[in-house]
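I opened a new notebook page for this structure.

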Amino acid sequence: QVALVESGGGLVQAGGSLRLSCTASGRTFSSLTMGWFRQARDNERDFVATIAWSGGSPLYADSVNGRFTISRDNAKNTVYLQMNNLKAEDTAVYYCAAQNQALIISPSTLRDDWEYDYWGQGTQVTVSS
């Protein structure tokens, strides 16, 4: 089992920045592929970004590419999502997700929420326009 705890959400004005953190426990962090997803009110949960166990091969949703950066610190069991130039449409609950690297079906499925077995409780990000 893996427990994930997100932090760093809050209220920010459009154009501002926030950094989300997600700390994992219960399994060797370096064996996990980590992802961020978000869910706006009445919407489905959407892919935001993912990063491999090594810190390489980051993938981003088109809507955040160039504004958000995913990174990880395996020594701290933590993955980060740096969000810059935030827009009102970025408002959502942001979820951290994890999956055992060995169980990843293929790189093409990393954008699908069903690929991930472990989820955090979510942190609210609200961007005022």
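I began with Ser7 and looked for its bridge partner, which is Ser21 in β3. Val5 has its bridge partner in β3 too, namely Thr23. Strands here are DSSP runs of E with at least two residues, numbered from the N terminus. I noted that this is a predicted model, where local features need pLDDT of at least 70, side-chain atom pairs count only at pLDDT 80 or more, and totals for chains, interfaces and linings use all residues. Residues are numbered from 1 along each chain as its sequence is written, and side-chain values use heavy atoms, with hydrogens and water left out.

**Entry: the sheet**

I then followed β3 to its neighbours. Five bridges join β1 to β3 (residues 18-25), and the two strands run antiparallel. On to β8 (residues 78-83): six bridges pair this strand with β3, again in the antiparallel sense. There, Leu20 stands opposite Leu81 of β8. I counted a pairing where DSSP finds at least two bridges between two strands.

Which order do the strands of the open sheet take? I read β1-β3-β8-β7, four strands with antiparallel pairing. The edges are β1 (3-7) and β7 (68-73), each of which pairs on one side only. From one strand to the next, the twist averages 15 degrees. For such angles, axes are lines fitted to C-alpha atoms, and values run from 0 to 180 degrees between N-to-C directions.

**Entry: the disulfide**

I searched for disulfides, meaning pairs of cysteine sulfur atoms within 2.5 Å. The structure holds one. It joins Cys22 to Cys96, with 2.1 Å from S to S. The link is left-handed, at -80 degrees about the S-S bond. Distant parts of the chain are linked this way: Cys22 is in β3 and Cys96 in β9 (residues 92-100), 74 residues apart.

Is Cys22 buried or exposed? Cys22 counts as buried because its relative accessibility is 0%. Cys96 also has 0%, so Cys96 counts as buried. The cut-offs are under 20% relative accessible area for buried, over 50% for exposed, and partly exposed in between, with a 1.4 Å probe and protein chains only.

**Entry: the rings**

How many aromatic pairs does the structure hold? I found four. One of them is Phe37 with Phe47, edge-to-face, at 5.7 Å centre to centre and 75 degrees between the planes. Phe37 lies in β4 (residues 32-39) and Phe47 in β5 (residues 45-51), so this pair ties together parts 10 residues apart in sequence. Both Phe37 and Phe47 are buried. My rule for a pair was that ring centres of Phe, Tyr or Trp (its six-membered ring) lie within 6.5 Å; planes under 30 degrees apart are stacked, over 60 edge-to-face, the rest tilted.

Ring pairs link Phe37, Phe47, Tyr116 and Trp119 into a cluster. I also checked charges over rings (NZ of Lys or CZ of Arg within 6 Å of the ring centre and within 35 degrees of the ring normal). Arg45 lies over the face of Trp119, 3.7 Å from the ring centre. The charged end of Arg72 sits over the ring of Phe29, at 4.4 Å from its centre.

**Entry: Ala98**

I ended with Ala98, in β9. Its relative accessible area is 0%, so Ala98 is buried. Leaving out residues up to four places away in sequence, I listed what Ala98 touches (heavy atoms within 4.5 Å). The list is Leu4, Leu32, Thr33, Met34, Tyr116, Asp117 and Tyr118. Ser21 is 77 residues from Ala98 along the chain, and 13 Å separates their C-alpha atoms.
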